[in-house]
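Please look over the structure below before reading on.

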Amino acid sequence: MSRLLRTPEGVIGFAILLVLLSAGLLAPILSPGDPLKIAGRALLTPFTDPAFPLGTDRLGRDVLAGLLYGARTSLAVGLAAAFSAMVLGLCVGMAAGFAGGLVDEALMRVVDAFQIVPAFLLALAFVSTIGVSTPIIVIAIALGTWADPARLTRAQVLAIREQDYVASARVIGMHPAEIAFREILPNALPPVLALSATIVAGAILTEAALSFLGLGNPNIATWGSMIAEGRSVLRSASYLSVIPGAALAMTVLGVHLFSEGLGKALGDNGARAA
Amino acid sequence: MIDTLLSIEDLSKGFSSSGRRVAALDNVSLTIAAGETLGLVGASGSGKSTLSRILLRLLAADAGSIRFEGADWLALDGAPLRRRRAHMQMVFQDPLAAFNPLATVSAVLDDPLRIHGIAAKNQRPGEIATLLERVGLTADHAARPVRSLSGGQRQRVAIARAIATRPSLLVLDEAVSALDVTVRGRILELLVDLQKEQGIACLFISHDLAVVRAVSHRIAVMDSGRIVETGPAAAVVAAPQSDAARALVAAVPRLVTDPI
Amino acid sequence: MRGIFCSLRQLSVTYGRGRNAALDGIDLDIAAGERLAIIGESGSGKSTLARTLGGLLPEGAKVGGEMLWPGLGHPPRPGRDFGFVFQDPGSSLNPVLTIGEQIAEGARHHLGFSWKQAYARAEELLGRVRIPQPDKAMRAFPHQLSGGQRQRVAIAAAIAAKPALLIADEATSALDVVVQAEIVRLLDGLVREDGMTLLFITHDIALASGFVDRIAVFRNARLVEAGSVRSVLSAPKSDYTAALIASHRDLTTPPLIEEVAS
């Protein structure tokens with residue numbers, strides 16, 4: 001952790017994510033009430049009215065409230081989708097890596113199938129056929145992104161299985177299940193975890209894109225729908241799209257910087273051990 | 001009559017490499033008596049590592065038999081095999097790669113004690129301390145991560161782990177090759193001591209005849225998957241009969257005070 | 001009296017964030033055309049010395065003191081002025097290039113040979129390092145050769161551009177004793193024929209004593225002593241050198257085990 005904060009990427013990334021997290025958690029305190037209800041006059045520009053620091057949209061809804069509650073949605077969906085993708089990927093990757101033979105081949109063909117279809121299109125197809133509730137959106141995004149962690153986990157398992165310490169564990173009579181979970185899995189995790197940061201970023205973007213296209217949950221505030229709503233007044237009130245757009249960009253940047261810093265911190269560890 | 005602890009008969013193993021079949025082991029036979037050390041020497045590619053991996057059941061043989069402690073060793077599988085593994089242990093060449101990178105010394109020593117029920121949970125720390133002292137380390141090494149120890153210290157932990165289950169046979173595969181010269185002698189002395197004290201038989205595998213000579217009662221020489229010579233250590237070294245043995249004897253570096 | 005090829009004055013090296021020096025105040029002269037062995041155990045600094053001379057230190061390493069090159073008049077150029085042979089023949093050769101290409105590269109790049117001339121030189125070098133059937137070997141890939149053969153190829157590649165200095169960094173440590181002895185004989189022969197200066201880094205004092213002129217003993221980043229093989233081995237000035245000599249084990253050393261009555 002301390003090593004992470006020594007890298008410039010780690011510090012900036014961590015700071016951005018901390019702001020995001022606080023915004024999401026503190027949303028009900030900073031902006032009590034439903035962000036989707038009409039709060040004041042329509043199309044107020046930012047920094048003109050102290051009650052609405054970031055202005056209001058075409059229907060008079062508070063932009064700041066939308067931003068804060070949108071942060072919650074982005075975080076919640078992003079994290080939930082990434083977590084599901086990781087867990088599914090880890091399970092399938094471990095199973096393929098250990099089983100070998102036909103089971104490995106079969107599982108890898110399934111992984112291939114999911115990797116070939118572009119993640120966004122898969123999510124789009126899934127949501128448009130099944131529905132627009134938040135759990136469905138989470139599943140849709142996870143389906144598009146679990147294949148990469150699966151492949152990486154399998155590669156890690158295959159490499160680690162050949163190491164002397166796994167042979168040692170077999171020689172002392174350790175049960176294969178114990179070898180899998182105590183010797184192999186903890187050592188297979190680090191690169192897969194590093195991948196998780198990118199998955200979170202992708203999940204957040206996909207969620208925003210889905211709600212931009214009108215396929216998000218209409219009952220909650222999301223950055224994507226805010227950007228969509230601002231399209232019709234893009235010339236006169238560009239701030240309506242730009243502000244949530246900037247928030248989205250900052251969030252993705254923060255996640256990427258954080259994962260860079262994490263990679264450096266972990267990579268450093270590996271190099272020093274030589 | 002000395003008991004035969006281990007008897008390997010006509011062991012063979014082949015690998016397919018680019019369409020051709022290569023015999024890594026070709027009808028290898030050898031015996032080890034209880035409490036004796038058999039040194040197995042050969043150049044790289046002679047099959048020594050393949051033999052040790054088949055012996056430790058990490059690899060399957062194509063043909064042949066192994067009798068260990070009077071039972072058919074190759075016929076065992078699953079849980080019965082895991083139980084019997086307590087009697088045959090191994091020390092690997094690379095003291096860094098032989099341990100889980102995340103492990104501490106006490107975790108490493110706890111595993112065999114726990115798996116084979118050698119000591120009850122509350123007695124294990126005491127047993128671990130005893131093991132550490134036996135191999136020349138101290139009890140306060142227990143809490144340290146294995147990665148933080150020196151090569152020689154790690155190899156001592158590896159030996160401690162191997163003797164934790166009180167095996168009757170210890171296989172050492174190039175166990176001192178990766179260690180500094182000044183450390184090597186001490187580890188070899190430790191092994192000889194342990195054998196005297198606990199009567200463990202050893203299969204000491206190396207490409208370095210000088211090291212093997214130091215600790216073995218008998219020596220077997222391997223070349224291209226076959227055993228080409230066996231005999232008492234002193235005899236093999238003084239009067240090598242096979243080409244392979246002669247090459248190994250000639251290749252041992254000697255201190256030369258006056259180079260030409 | 002030979003000229004000095006390289007002169008180290010108070011050379012110190014510290015890696016990145018380390019507090020401890022990997023090399024601490026080294027004063028050493030390397031005579032032109034001599035064969036010098038650098039002996040040390042792990043952590044002695046011997047590999048750091050090799051890498052410093054070869055300009056192979058990682059980013060962030062701090063170098064203090066001086067490295068003078070009176071023999072060359074300028075810092076040595078990799079490949080042209082010195083060749084480097086690494087410990088692991090498995091990873092020092094490029095797995096996707098043929099043997100011929102890897103050796104020819106050096107000659108082409110540094111000596112300005114055409115590809116045809118460079119390949120001819122490569123085949124000639126393969127013969128000199130005693131690779132059987134050099135014409136076939138030219139088209140082979142590293143994974144098709146044994147460890148010992150790969151190390152011969154690595155040596156051929158290192159001397160392709162006729163450098164004045166050859167640095168062998170634990171070049172025999174990953175090989176078995178029989179192959180080790182062959183490689184040492186090969187290095188000895190090549191260096192004599194071409195009049196190269198040889199820096200042979202190893203942990204095995206006996207191995208080095210068989211063919212080098214001088215020995216320099218390193219311990220914990222310091223130079224403990226240096227001198228001709230005869231003087232260092234028969235009258236070591238330092239206790240550490242004496243301990244190294246005493247821990248040497250060959251077939252004449254009495255065994256640790258008691259003989260079993262047969």
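Predicted model: local features only at pLDDT ≥ 70, side-chain atom pairs only at ≥ 80, totals over all residues.

Residues are numbered from 1 along each chain as its sequence is written, and chains are lettered from A and ligands numbered from 1 in the order in which they are written.

Two residues are in contact if their C-beta atoms, placed from the backbone, lie within 7 Å. Of the two pairs of chains in contact, chains B and C share the most contacts. Here 36 residues of chain C touch 39 residues of chain B. Chain A and chain C have no contact, and their closest C-alpha atoms are 10 Å apart.

Within chain A, helix α9 covers residues 176-212. Helices here are DSSP runs (H or I, at least four residues), numbered from the N terminus. A kink of about 45 degrees lies at A:Leu185 in α9(A), shortly before the proline A:Pro186; the bend at a residue is the angle between axes fitted to the seven residues ending there and the seven starting there. After α9(A) comes A:Gly214, with a positive phi near 85 degrees.

Which residues join α5(A) to α9(A)? From α5(A) they are A:Ala119, A:Phe120, A:Ala123, A:Leu124 and A:Val127, and from α9(A) they are A:Gly202, A:Thr206, A:Ala209 and A:Leu210.

Technical notes
Helix = DSSP H or I, 4+ residues; strand = E, 2+ residues; numbered from the N terminus.
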